[in-house]
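Here is a short briefing for a reader new to this structure. Please look over the sequence and the model first, then read the points below.

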Amino acid sequence: MADSGVPEESSKAWEEVLRKMLPAGAPMPDEEQLDYSIALEYEGPPVSYEVPKVDPLDLESISIRTSSIVSVSAESTAALPVVAPIVPKASRFTRVRNGGVNWESRSPVVESNNSRRSSSVSRAQFEDSDYGNGRGDELTTSVSVDCRGEAEVKKVNVVTFDTDRDEDELYSPQSSVTDAVGGSPLAVSRSIEKGKKSRVCIRCGKGNRLKEREACIVCDARYCSNCVLKAMGSMPEGRKCVNCIGQPIDESRRSSLGKCSRMLSKVCSPLEVKQIMKAEKECSANQLRPEQLIVNGRQLRQEELAEVLGCSLPPQQLKPGRYWYDKDSGLWGKEGEKPDRIISSKLNVGGKLLPEASNGNTKVFMNGREITKLEHQVLKLAKVQCPRDTHFWVYDDGSYEEEGQNNIKGNIWGKASIRFICSLFSLPVPPENPHGPKEDPSTFSGKSVPEYLDQGRVQKLLLFGLEGSGTSTIFKQAKFLYGNKFTAEELQNIKLMIQSNMYRYLSVLLEGRERFEEEALMEKETTDLDAEESASVETGPDGNKQCVYSINQRFKHFSDWLLDIMAMGDLDTFFPAATREYAPVVDEIWKDPAIQETYKRRAELHFLPDVAKYFLDRAIEVSSNEYEPSDRDILYAEGVTPTNGLAYIDFSLDDHSPMSEIYSDNFDSQPPLTKYQLIRINSKGLHDGCKWLEMFEDARAIVFCIALSDYDQVWVHSTGAVQNRMLASRDLFESILKHPCFTDTPFVLLLNKYDAFEDKINQVPLTVCEWFGDFSPLKPHHNSQSLANQAYYYVAVKFKELYASITGRKLFVWQTRARERTSVDEAFKYTREVLKWDEEKNEDTYGINGDDSFYSTEMSSSPYIRQE
């Protein structure tokens, strides 16, 4: 090797070799700047693996190329083998001096250093070297020559010679820049496979599963915050590696286009993030390609794709796949499935609509397509005569006629009830103004692609809970919170509902009064044989015995009449029609001392809600024809509709999330709004097989509400069986959890009425509910938490354990006070975060496992469970 004793001729030979490595016309570097490496073959001790071999090269007959991008030219035609080193787990650096070997710990073998020049040379050039006199398999090493002539040899475990590649591929600019992202394409691909498992940065090799990794939207290569800008550069097409620019994205990551991660917002300024996200969504390389879409059995052309995406009602969040399209009605769906949306009609795209496009089997045809059973049921509900072998023509406004007859028979979606049923069955309905202004299909670039991507589909939230748990209050709070004002018709229905409920409350009090009166009289008769000496039992004018719970004869007649109506189930027949007539009587009875004494024992009246006093105190006002419910009256009213059946509202929440995405006020555009549909379902009928729940199989989340204060209350089933209300809620929760339609649906548990729970827990122990028999609270002076707080965490853990035992997943629990608007708002925002986390977990956005979430959902054991 070269050292200070080498003759002048040898030094000139080395200078000639170095000059061949540099670009043409480049000056020789100074000794202080000289930093390059060359490769040679080495004979060393035998190794356990096969060493790759390469034909010897003559340095005099070829032009040695440099690894710099600048030096790559089209005129260079000599074929050189490309060395693709793989980064070893523990790299070593070998220093060779005068035949001696000195091992030291150094950096990895592969380095992206602009000042380094690399080349492969033949073994024949170094035959005179006094290094490597042993025999055995050849070991390829990397030698680094510094300005003093000392050679540094880097030991590489495996070296691959890609000698089969074409010349253009080996020396293309794209392959040249791979050194800047951590090595050759082969090394990158292998590192990616390793990175997916170990969650390490493929560039620097460092891994920490608690830290985020920014992933390339093409090759899924993941980088840490220190390497992401070096690997992706200025990101002209979004989050892509430098060597992935111009390539189509991974379709599994299309939903994350334009969504900034937390790590990117930390390493880039808000303006840079905005520009990167805009480029990522609008870049032509990231858009769908026409060959990815097949409509009516035919692959789309570029102009057809532009027409679909440029129409006034484009398909939202379109993904590659096979679709069918009805040009007359605008119905659009996946091949073999029911329609899932309505787009602009009369688009000249795809092939001819086939009868079996949606895989229907009803023998009823709509525009030549055999419709599905679900569509057939909706047609029947819309009173459309559709026997077998019926052929309809349906237009984009919903009007229809039988085939061969020029006679419009009606509009399928004309009634609001049919539109509501379609939304429940996840069937599309035409917009209010289907004939909006159409755009020129050729001007696809004029339509804002980000708008097209940001239009999300409605996410359904099903709200379940036992009657009295607070589901109706939460539903109405959501209506107040998110801009859905009550219509005049809805206010009138709520008014009538309040008036009817007032008589229901009074009947519960009158029935309890009779029971308490009988108990009081019997107790006095058994304890005091002498009625004349009894102080609390008196004889009335008619000779009947009296007590504190006794009422006069007029009230007694009204009580018997009202209780008979309740027993026969005819309350709705008389009320609220007769509300105004009987309002004075109701007010008198409510103020009677006997009823007031009865109300003092309201804890024993399990069917009397806590809002009874609120309305009975205002019996005259509520019964008036001029009465208009206030916001507070609406919240306190039990139920949502007079029938207390299905009810729904549509609302939107912005995607501003402190836990999942970064939002900056510096952005010109507002955060995208996610559309939700909250559907409140009555608990009645849910125990009868729940077959009708199948219409909600596309629900995004289940929000289940349980009243904490129900632990000592009684629930009466439709069969007459009596059960603890908390146990009834648990059984309902378990039945919905086991329903096959909700196998993969996330659940959010809202533990409601915490304020009432705080008041009750100090009077009635939690252990009165047999499911909570092992609750063992800590004494207050030993623990800073209140008794109610301890009990709350205990109940939450009990439901978490139940949920985990059935699904193997983690339950999300939130504490609410339904009558406080801010508490309900926080509950829905928490639900939004749960859904966002669930999406990110499934898409693996941050390169973490499903269990490594940013949300604390760990099912820890409660410290308040008595240990056996």
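Which helix holds lysine 613? Lysine 613 lies in helix 18, which covers residues 612-616. The model is a predicted one. The protein chain has 868 residues, and 48% of them count as buried. It contains 24 helices and 28 strands.

**The chain as a whole**

- Contacts between residues at least 6 apart in sequence can be sorted by how far apart the partners are; 67% of them join residues at least 24 apart.

- Lysine 613 is partly exposed, because its relative accessible area of 35% falls between the 20% limit for buried and the 50% limit for exposed.
- Leaving out residues up to four places away in sequence, lysine 613 touches Trp590 and Tyr599.
- Lysine 613 and leucine 506 are 107 residues apart in sequence. In space, their C-alpha atoms are 9.8 Å apart.
- Glutamate 375 sits in helix 9, residues 373-381.
- Is glutamate 375 buried or exposed? Glutamate 375 counts as buried, because its relative accessibility is 6% and the limit for buried is under 20%.
- Glutamate 375 is in contact with Pro339, Arg369 and Leu427, with neighbours within four places in sequence set aside.

- Strand 17 spans residues 399-402 and runs antiparallel to strand 18. The two are joined by 2 bridges.
- Serine 399 has asparagine 411 in strand 18 as its bridge partner.

- Strand 19 (residues 459-465) and strand 24 (residues 701-707) run parallel, joined by 5 bridges.
- Glycine 465 has cysteine 705 in strand 24 as its bridge partner.
- As a general point, strands of a sheet pair through backbone hydrogen bonds, either parallel or antiparallel.

- Strand 11 (residues 321-325) pairs with strand 9 (residues 293-295) in the parallel sense, over 3 bridges.
- Valine 295 stands opposite tyrosine 323 of strand 11.
- Strand 11 also pairs with strand 12 (residues 331-334), here in the antiparallel sense and over 3 bridges.
- Tyrosine 325 stands opposite tryptophan 332 of strand 12.
- How many residues lie between strand 11 and strand 12 in their hairpin? There are 5 residues between them. Glycine 330 in the turn has a positive phi of about 85°.

**Helix 21 and helix 23**

- Helix 21 covers residues 725-737, and helix 23 covers residues 787-807. Their axes come within 11 Å and cross at roughly 25°.
- The two helices are therefore roughly parallel to each other, because angles under 35 degrees count as such.
- The crossing of helix 21 and helix 23 is right-handed.
- From helix 21, Met726, Arg730, Phe733, Glu734 and Leu737 take part in the contact. They meet Phe799, Leu802, Tyr803, Ile806 and Thr807 in helix 23.
- By class, this contact has 7 nonpolar, 1 polar and 2 charged residues.

**Helix 14 and helix 16**

- Helix 14 (residues 553-568) packs with helix 16 (residues 579-591) at an angle of about 110°, with the axes 11 Å apart.
- That angle makes helix 14 roughly perpendicular to helix 16, because the range for this class is 65 to 115 degrees.
- The crossing of helix 14 and helix 16 is left-handed.
- Arg554, Phe555, Phe558 and Trp561 in helix 14 meet a set of residues in helix 16: Tyr582, Val585, Val586, Glu588 and Ile589.
- By class, the contact of helix 14 with helix 16 has 7 nonpolar, no polar and 2 charged residues.

Terms used: Residues numbered from 1 in each chain as written. Predicted model: local features only at pLDDT ≥ 70, side-chain atom pairs only at ≥ 80, totals over all residues. Heavy atoms only, no water. Pairing = 2+ DSSP bridges. Helix = DSSP H or I, 4+ residues; strand = E, 2+ residues; numbered from the N terminus. Buried < 20%, exposed > 50% of the residue type's maximum accessible area, 1.4 Å probe, protein only. Contact = heavy atoms within 4.5 Å. Axes fitted to C-alpha atoms, helices over the stretch in contact; angles between N-to-C directions. Parallel < 35°, antiparallel > 145°, perpendicular 65-115°, else oblique. Left-handed = near helix turned anticlockwise from the far one by under 90°. Nonpolar A, V, L, I, M, F, W, Y, C, P; charged D, E, K, R; others polar.
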